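Subject: The structure we talked about

Dear colleague,

Please look at it once by yourself before you go on.

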Amino acid sequence: MASKFGLAGGIPERRVRPIWDAVDSRQYKAALKLCTALLAKHPTSPYVLALKGLILERMGKPDEALSVCLNAKELLYSDNIFHFDDLTLSTLQIVFQRLERLDLATSCYEYACTKYPNNLELMMGLFNCYVREYSYVRQQQTAIKMYKTVGEESGGEKLLPLAEALLKKHINSHSLHEPEALALYVSILEQQSKYGAALEVLSGDLGSLMGREEDKLRLQGRLLAQECNYTAASEIFQKILESCPDDWESFLHYLGCLLEHGMNLPKSRISETTLPLCVDAALALKTSLSEELVESRLASALSFVQTLQGNDTSDCVRGPHLANIEIERQRRLNGNPTDRKFIEALVNYFHRFGHLSCAASDVERYLHMLSSDEITELLDTISRSFDASSLSVKVLGFTITTYKVQELLGIFFSKSTTELQSIAKGMVDTFYKNLPLSRDLDPQESMHGEELLCMASSILVQLFWRTRNLGYLIEAIMVLEFGLTVRKYVTLEVKNILLESASHHILPQMLSSPLLQQTADLVIEFVQFKERLQHSMQYLSVRSDSIILSLKQKAESLEEMESILENVNYGVRLVELSKEDNMKHLTFNEDRQARPWWTPTASVNFLSEPFDEASTSACFRAKACEHKSTENNDPKIKETQRKSLLPRLVYLSMHGCASSLRETELNGSGLDTDAAEMKPLLEKYARSIGYSVDDALSVILGMSSGKKSIKDFAPDIVSWMSFAVFINAWNLWSNESVIPKADQSSPSSWQIVDSLVKICIEEQLIDANRILTSPGNNIPVLVQMITEPISWHLVVIQSCMRSMAPQGKKKKKGGPSERPNIPRLQAIQRSVQCMIDTLRSVQSWLSDQMRPEEQALDILLSYLQGASEDGPGHISCILEENSARHNPELGERVAQSLETWSSAGVVRRIVGAERELLVELKKICDSKLKLLGSLLVSLSSALH
Amino acid sequence: MTTIRRFCCDDLLRFTSVNLDHLTETFNMSFYMTYMARWPDYFHAAVSPGDRVMGYIMGKVEGQGESWHGHVTAVSVASEFRRQKLAKKLMNLLEEISDKMDKAYFVDLFVRASNMPAIRMYEKLGYVVYRRVLRYYSGEEDGLDMRKALSQDVEKKSIIPLKRPITPDELEYD
C-alpha cells in the first residue's frame with residue numbers, strides 16, 4: 001500500500017499514515033481524533049474531509065459521513081482546488097459506495113475526467129465506477145477512450161468478437177508482452193469455441209509468454225479435448241503428469257480423454273457451496289467406447305500410472321496411487337462390479353498412506369462404493385497392518401485413520417451404547433498415551449492425535465442424544481477442554497469473509513440469547529461487510545436481524561424505536577428486498593463442509609432421532625447422503641422473508657394505532673393507505689408460516705381459546721404470537737372487524753393476544769426442567785417471546801396511550817362519560833395487567849432456577865459419578881487421573897499444562913455461563929415490568 | 001495428490017478450514033481481490049481430490065533494480081493436510097515464478113519472531129533471517145524478514161544479514 005501514502009492531497013504522508021493505521025486496526029475513535037486535528041490545519045483539504053467521512057461511516061454514522069463527503073465533493077468542484085488526485089477520489093468513492101451512493105462517486109470521477117482528459121489513472125477509476133453500476137455501454141466507451149489514450153489492451157466482456165478484433169489489431173501493431181494478455185486472448189477465442197485458433201496462438205511465438213510449461217500444456221490439453229481431439233489431449237495430459245505426477249485434476253482429464261468421456265472440465269467453478277460427493281457424479285458420464293476398448297485403455301492408463309509410482313519413493317506424491325483406485329473404479333463401472341482389484345487398490349493405498357491425517361478423506365468417495373462385507377474386510381486389513389501397541393507418530397496416524405474411516409462410513413451410528421462408550425474411552429486413552437510424542441512440539445502447533453479428542457467428543461454427543469444423559473454432554477465438553485489445556489491457543493477470530501462462510505455455527509444461537517449487546521456488536525460488523533455479496537442470503541437475513549435487534553434493545557422507549565425505524569426508512573427497503581424476485585437470486589455461502597456429519601444443516605440433527613438397533617450404517621449413510629443432495633433451503637428463505645417484513649409491520653402497528661385513534665376523534669377516515677398496506681404484509685407473513693390469513697386467524701383463535709394445542713405449532717410459536725399482536729394492531733383501526741365474530745361473547749383482539757401470550761409462556765415454564773440440567777432448554781424461546789411479541793405488543797399499547805392522552809388541559813374538563821375511549825382503555829388495562837402477571841411468573845421461575853454455585857456444581861458433577869458400569873463418568877475419570885499422574889515422558893511443558901487441568905473447573909465455567917444467561921433474562925423482564933408498572937399508573941389515572 | 005491452480009473468488013467462501021487457525025490472518029475482501037487481480041501468478045490454491053481447499057499461497061512481486069523481488073504475503077495449510085510438505089510445494093511454486101518469469105533477485109517474507117515452527121520450516125527451505133523488524137506485528141511483536149536469493153543474484157548479495165534491527169518506518173515496502 002506504499003503508493004497510497006505519497007503526498008496525499010497535499011498532506012504529508014507521515015500525517016496521514018497514523019490515521020489509516022488506526023482505521024485498519026478499527027480504532028475509529030482514535031482515527032477520528034487524529035483526523036479532526038489534521039482537519040484543523042487543512043480545513044479545505046478534500047482528502048482529509050474524505051478521510052473523515054470514511055471514519056464516520058465506519059463508526060456507523062452514515063448521515064454525518066454523507067454530509068462531510070458532500071462537502072469534500074463541493075470543494076473538489078470549486079476551481080481553486082490545487083490537488084486533484086486519484087487518492088482523494090478513491091477515498092471518497094469508498095465512502096459513497098458504502099453509503100450506497102454509487103452515483104455520487106461516479107459523478108466525481110466524471111467531473112475529474114473532463115477536467116483532466118488524458119489522465120489514465122482517473123479514467124481507470126471512472127471505468128471501475130461504471131463496472132460497479134453495471135453500465136456496460138459506458139464501460140465500453142471509457143475502455144475505448146483509454147485504449148486510444150495509451151494503446152493498451154482492455155477487456156470488453158460481452159462483446160467477444162469486438163474484443164477479439166481489438167486484440168488482433170493490437171497484436172499486429174504491438175504484439176503482446178504480458179502472460180495475462182495472452183490468457184485473455186486465448187480465453188476470448190475459447191469462449192467463442194475457436195479452439196483451433198486458440199491452439200495455434202499457443203503454439204506460435206506468443207505461446208512463450210506462458211511462464212510455466214505446465215500451465216501452457218494444461219491449456220492446450222483442455223482446448224484439444226474441447227475440440228474432441230482426445231488422442232492428442234490425452235498425450236498432453238500424460239506429459240503434464242510426467243512432470244507433475246501429483247496433479248489430480250490433470251489425471252482426471254487424462255482418464256476422461258482416454259475414455260472419450262467428453263470432458264469433466266473444471267470450467268466455471270461451482271458458484272455455491274459444494275457438498276461432498278455422495279452421489280457419484282462420474283456415473284453420469286457415458287462413454288461411447290466398447291467394453292473391450294475401455295478395458296484396454298484402462299490397462300494402458302494403469303501401466304502409465306504404475307511407472308509414475310515407481311518414479312517416486314517419497315510419501316508426498318499420492319496422486320498416482322489414488323489414480324490406481326480411480327482406474328479400478330472405472331473397471332467396476334465398466335461391467336466388473338465385483339472386481340477384487342478395487343478393494344485391493346484401496347488396501348494398498350491405506351498401507352502406504354494410512355498414517356496421514358488426510359488418508360480417510362482422500363478416499364472418501366471410494367469408501368462409499370464398498371459393500372458392507374468389503375468394509376469389514378478393509379477395516380480388518382488396515383488394523384492388522386500395524387502394531388497398535390507401539391508408540392510412534394506413524395502408528396498413531398494409522399489408528400486415527402481407522403477411526404476416521406468408521407466415522408465417515410457412519411459405522412459408529414449403528415454401535416450399541418456400551419460399544420460407543422468404550423470406543424470413546426479408547427480414543428481418549430490413545431491420545432494421552434501418545435502425548436509424549438508431542439513433547440518437543442512447539443506449543444503453537446497442533447499436538448499429535450488431537451483429532452481423537454474431536455471424534456471422542458462427537459461420540460459423546462451422539463451418546464447424549466441417544467440416552468439424554470447430561471453426563472455425556474459434560475464429558476464431551478471436558479474432552480475438548482482437555483485438548484485445549486495441553487495446547488497453547490488463542491481465541492479464533494471470525495472476521496471479513498469468514499463472517500459469511502463460518503458464522504452459521506453461532507449466529508442463530510446468539511440471536512436468541514438474552515445477551516443482546518454482544519450480539520449487536522457482531523451483527524453490526526456483519527452488516528458493514530457487504531462487498532460483492534449483495535445477494536447473500538446471510539446478508540439479507542442479518543440486515544433484518546440487526547434492525548430487529550436494535551428494536552429489541554430499545555423496546556422500552558417509543559421515541560428511540562421510532563428513530564431506529566426512521567433510519568431504515570420505516571422498513572420499506574427491507575420489504576422490497578424480500579419480494580419473491582429478489583429471494584430467487586439469493587446465494588447460500590455457508591461452508592457446510594465444516595459442519596459435523598450429524599447436522600448437515602442447522603435445523604437437522606440425525607442424532608436426535610430414536611436409535612434403531614436394526615438400522616445398519618449403510619442405511620444411515622444413504623439417508624445422510626440423500627438429505628445432503630436434496631437439501632432444501634426453503635425454510636431458511638421463508639424465515640428470512642418473515643424477518644424482513646417485521647420492521648415494517650412494527651412501524652405500521654405503531655403508526656396505525658396512533659393515527660387511527662386521533663382520526664376517530666376527528667371523525668375522519670384517512671387511514672385507508674396504512675390499512676391497505678398492512679393487509680398484504682400480514683398475508684405474506686402468514687404465508688411464510690405456511691397459512692392463508694384466514695387459516696392463520698383461526699389458528700390463533702384456536703390456540704388462545706385452548707382448543708388448539710400450542711405444541712402442534714411449536715416450531716413457529718414466536719411468529720404466531722407476533723402475528724396475533726399485529727392482527728390486534730390492524731384490528732384497532734380497520735373499518736371492518738378483522739376477526740370473525742361468532743357472537744357477542746367472542747374474544748376481542750386484545751383478549752386473543754393476552755391469552756395467547758399467557759398460555760404460550762406458561763407452557764414454557766411448565767415444560768422447562770431445571771435449565772441447568774437440560775441442555776437445549778427453552779431459554780432461547782422464552783427470550784424470543786419476551787423480546788419480540790411482547791415488545792411489539794407493548795409498542796402498540798404505548799402508541800395507543802400516547803394518542804389517547806389528553807392534549808392540553810382543555811380536554812380534561814370533559815367528563816369520563818363523554819370520552820369514547822373508555823372501553824379501549826379498559827381493554828388496554830386488562831392487557832397490561834396480563835403482561836405484568838405473565839412476566840412476574842417468568843421472574844419467579846427464574847429466581848427459582850438460580851441456586852448457589854456450589855449446589856449447582858454438585859448437581860452437574862453428580863452426573864459424572866454414576867455408579868453403573870455403563871453411564872458417563874469414565875472418561876472424566878481418565879482425564880482427572882491422567883492429569884494428576886506425573887508422567888516424566890510428557891516433557892516439562894505438557895506436564896505443566898496438565899497440572900492446571902481440573903474437571904470441576906470446567907463444570908464451574910458451565911455453571912457460571914448458565915447463571916449469566918438467567919441474570920440477563922431477569923434484567924430484561926425487570927425493565928419490561930418497570931415500563932408496564934408506569935403504564936398501569938397512567939391508565940388508572942386516566943380511567944378515574 | 002493435489003491440484004495446484006490459481007486462487008479464485010469462490011475459494012474465499014471455502015477456505016474456512018484453512019483460515020480458522022490462530023496463526024492465519026483473515027484479511028478483508030479487497031485485499032484478496034487486489035492480489036488476485038494484480039499478481040494472479042502469485043496466488044494459488046491447493047485443492048484435494050474431494051475438492052476441498054487444502055491450503056493456499058498469496059504473494060506479489062515488487063521493488064526496483066536489485067531489490068526487485070517476490071514476496072510471500074501468506075502461506076497456510078489446513079491442519080488435516082499438514083506434515084506432507086504442501087507448504088514447501090507452494091513456496092517452490094512462488095519461487096519458481098519469481099525466478100523464471102519475473103527474474104526477481106530474491107524472495108522475502110515476514111514471520112512472527114515467536115513462530116518457531118514456521119521459522120524452522122523456512123530455514124529448511126533455504127531462507128535466512130535477513131533482518132529483524134521491531135514491533136512489526138500490531139506494534140507489539142517483532143517480525144523477522146527472511147530471504148532466499150534467486151538465480152539473478154549471483155553473488156547472493158541480497159541475503160547478507162543486516163547487523164542492526166530496523167523499525168517498521170524503515171521498511172521499503174508495505
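Predicted model: local features only at pLDDT ≥ 70, side-chain atom pairs only at ≥ 80, totals over all residues.

Chain A

Chain A has 44 helices and zero strands, and of its 944 residues, 38% count as buried. If you consider the contacts in chain A with a separation of 6 or more, residues 24 or more positions apart account for 68% of them.

In general, two packed helices are described by the angle between their axes and the distance between the axes. For helix H39 (residues 789-804) and helix H40 (residues 822-849) of chain A, the axes come within 11 Å and cross at roughly 145°, and the crossing of H39(A) and H40(A) is left-handed. On the side of H39(A), the contact is made by Ile790(A), Ile797(A), Cys800(A), Met801(A) and Met804(A), while H40(A) contributes Leu825(A), Ile828(A), Ser831(A), Val832(A) and Met835(A). Sorted by class, this contact of H39(A) with H40(A) has nine nonpolar residues, one polar residue and no charged residues.

Leu652(A) lies in helix H33, which spans residues 634-666 of chain A, and Leu652(A) counts as buried because it has 22 C-beta neighbours inside 10 Å, where the cut-off for a buried residue is 20 or more. The C-alpha atom of Leu652(A) is separated by 26 Å from that of Lys61(A), and these two residues are 591 residues apart along the chain. Ser193(A), by contrast, is placed in the loop between helix H10 (179-191) and helix H11 (195-203) of chain A, and with 11 C-beta neighbours inside 10 Å it counts as exposed. Most residues other than glycine have a negative phi, whereas phi of Ser193(A) is near 60°, which is a positive value.

Chain B

In chain B, seven strands form an open sheet with mixed pairing, and their order is S1-S2-S3-S4-S5-S7-S6. The edge strands, each of which pairs on one side only, are strand S1 (3-6) and strand S6 (128-137) of chain B. On average, and with direction ignored, neighbouring strands of this sheet are turned by 25° against each other.

The hairpin of S2(B) and S3(B) has five residues between the strands, and in it Asp51(B) takes a positive phi near 65°. Strand S3 itself (residues 53-62 of chain B) is largely enclosed by the rest of the structure, because nine of its 10 residues are buried.

S3(B) is joined to S4(B) by eight bridges, and these two strands run antiparallel; the bridge partner of Lys60(B) in S4(B) is His71(B). Six residues lie between the strands in the hairpin of S3(B) and S4(B), where Gly63(B) takes a positive phi near 110°.

Strand S4 (residues 69-77) of chain B also pairs with S5(B), in the parallel sense and over four bridges, and here His69(B) stands opposite Phe106(B) in S5(B). Between these two strands the chain passes through helix H3 (residues 86-101) of chain B, and this β-α-β crossover is right-handed. Lys85(B) lies in the loop between S4 and H3 of chain B, and it has a positive phi of about 65° although it is not a glycine. With 17 C-beta neighbours inside 10 Å, Lys85(B) counts as partly exposed.

How many residues of strand S5 (residues 106-112) of chain B are buried? Five of the seven are, so S5(B) is largely enclosed by the rest of the structure. Seven bridges join S5(B) to strand S7 (residues 141-149) of chain B, and the two run antiparallel. In S7(B), Phe106(B) has Ala149(B) as its bridge partner, and Leu109(B) has Met146(B). Helix H4 (residues 116-124) of chain B packs on the sheet, touching S5 and S7 of chain B, and its direction makes about 165° with that of S5(B).

With best wishes

Notes. Residues numbered from 1 in each chain as written. Chains lettered and ligands numbered in written order. Buried ≥ 20, exposed ≤ 12 C-beta atoms within 10 Å, placed from the backbone. Axes fitted to C-alpha atoms, helices over the stretch in contact; angles between N-to-C directions. Left-handed = near helix turned anticlockwise from the far one by under 90°. Contact = placed C-beta atoms within 7 Å. Nonpolar A, V, L, I, M, F, W, Y, C, P; charged D, E, K, R; others polar. Pairing = 2+ DSSP bridges. Right-handed = clockwise from strand over helix to strand, strands pointing away.
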